[in-house]
Amino acid sequence: MSTRPEPRIPETRRRRADTIAKSEHIMALSKHLTLTRSVLAETLAEATPAQLDFIEHWFQAEIASREAAKRARLLKAAGFPADKTLDDYDWNNLTMPADWGRSQLEGLEFVDRHEDLVLYGSVGTGKTHLAIALGRAACRNGIPTRFFTASSLVMRLRRAKRDNRLDRELTTIGKAGLIILDELGYIPIDEEGSRLLFQVIADSYETRSIIYTTNIEFSGWTRVFGDPNMAAAVIDRTVHHGRLIRFQGASYRSQHALMTK
């Protein structure tokens, strides 16, 4: 199939170099908008410098507005339980892999590469805070993200299966570039729930990233999934394209609790 050539601005008269550059910049901006670009090219050929300034400002404002609306939609659809950011995050309680660090994490390189993260540590050490902050950063970068606790995702999938819409639900979840699976192992999951959860994880392998938060080391994941073979398959996929971040220290909530012991 042949591709349609890019519209060019007609050379109707001699124009200053900065005017030509402004016209070409507007044409580039128009790629992000629904316009008949050949008509735009003809219009720009006749526009005055003041009119070009106006059109450029208009296009930039329109694109910024659409990007802001998209970010708002993504943040709402993600289902985050709290507004957490990386700005006030305490990095002292976690240990990164030797060949990988904070800059790669904040740059969301793992999402671009469809890699997984396992945030492992005791309750209250900042795992969920970091997961949410990374998820919100992904949304701000235009990456569809979904946040679930492991138990809420299982219940969601169970309802979908009961209502004969499991495939549709899995397709909806699969549109995310990043899935956050919080509190894996905190609540027991039965055999059906484990198989449903495994389906999401298997479908995500090498196509999107998953962030797990858990207080259970890999050797205990058999208790989470019930089936040793299923647990081994999940661990195998996660380790292949994943990184482990360890969290230490006392619970933040306990240290800042209003209720005294």
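Left-handed means that the near helix is turned anticlockwise from the far one by less than a right angle; clockwise counts as right-handed. Helix H3 covers residues 49-78, and its axis packs 10 Å from that of H1 at an angle of about 25°. H1 and H3 are therefore roughly parallel to each other. The angle classes are: under 35 degrees roughly parallel, over 145 roughly antiparallel, 65 to 115 roughly perpendicular, and the rest oblique. Axes are lines fitted to C-alpha atoms, for helices over the stretch in contact, and angles run from 0 to 180 degrees between N-to-C directions.

This is a predicted model: local features need pLDDT of at least 70, side-chain atom pairs count only at pLDDT 80 or more, and totals for chains, interfaces and linings use all residues. Residues are numbered from 1 along each chain as its sequence is written, and side-chain values use heavy atoms, with hydrogens and water left out.

**The H1 contacts**

On the H1 side, the contact with H3 uses Thr 19, Lys 22, Ser 23, His 25, Ile 26 and Leu 29. H3 answers with Pro 49, Leu 52, Asp 53, Ile 55, Glu 56, Phe 59, Gln 60 and Ile 63. Contact means heavy atoms within 4.5 Å. By class, the residues of this contact are seven nonpolar, four polar and three charged. Ala, Val, Leu, Ile, Met, Phe, Trp, Tyr, Cys and Pro count as nonpolar; Asp, Glu, Lys and Arg count as charged; the others, Gly among them, count as polar.

H1 (residues 17-29) also packs on helix H2 (residues 37-46), where the axes come within 10 Å and cross at roughly 160°. That makes H1 roughly antiparallel to H2. The crossing of H1 and H2 is right-handed. Ser 23, Ile 26 and Met 27 of H1 meet Arg 37, Leu 40, Ala 41 and Leu 44 of H2. This contact of H1 with H2 holds five nonpolar, one polar and one charged residues.

Ser 23 lies in helix H1. Is Ser 23 buried or exposed? Ser 23 counts as buried, at 1% relative accessibility. Buried means under 20% relative accessible area, exposed over 50%, and partly exposed in between (1.4 Å probe, protein chains only). Ser 23 and Leu 52 stand 29 residues apart in sequence, with their C-alpha atoms 6.8 Å apart.

**The H8 and H9 pair**

Helix H8 (residues 166-174) packs against helix H9 (residues 191-204) at about 45°, with the axes 11 Å apart. That makes H8 oblique to H9. H8 passes H9 in a right-handed crossing. Leu 166, Leu 170 and Ile 173 of H8 touch Leu 196, Gln 199, Val 200 and Asp 203 of H9. These contact residues are five nonpolar, one polar and one charged.

**Aromatic rings**

Rings of Phe, Tyr and Trp (its six-membered ring) pair if their centres lie within 6.5 Å; planes under 30 degrees apart count as stacked, over 60 as edge-to-face and the rest as tilted. By this rule there are six aromatic pairs. In one of them, Phe 218 and Trp 221 have ring centres 4.9 Å apart and planes at 70°, so the pair is edge-to-face. Ring pairs join Tyr 212, Phe 218, Trp 221 and Phe 225 into a cluster.

**Individual residues**

The table lists the accessibility of some of the residues named in this report.

| Residue | Relative accessibility | Class |
|---|---|---|
| Leu 94 | 12% | buried |
| Leu 108 | 3% | buried |
| His 114 | 31% | partly exposed |
| Phe 218 | 27% | partly exposed |
| Trp 221 | 0% | buried |

Leu 94 sits in strand E1 (residues 94-95). Which residues does Leu 94 touch, not counting residues up to four places away in sequence? They are Tyr 89, Leu 130, Ile 245, Arg 246, Phe 247 and Gln 248. The C-alpha atoms of Leu 94 and Lys 127 are 9.1 Å apart, across 33 residues of chain.

Leu 108 has a positive phi of about 60° although it is not a glycine. Leu 108 is placed in the loop between helix H4 (102-106) and helix H5 (109-112). His 114, in the loop between H5 and strand E2 (116-121), also has a positive phi, near 60°.

**The whole chain**

The protein chain has 12 helices and six strands. Helices (H or I, at least four residues) and strands (E, at least two) are DSSP runs, numbered from the N terminus. Of its 261 residues, 43% count as buried. Among contacts between residues at least 6 apart in sequence, 80% join residues at least 24 apart.
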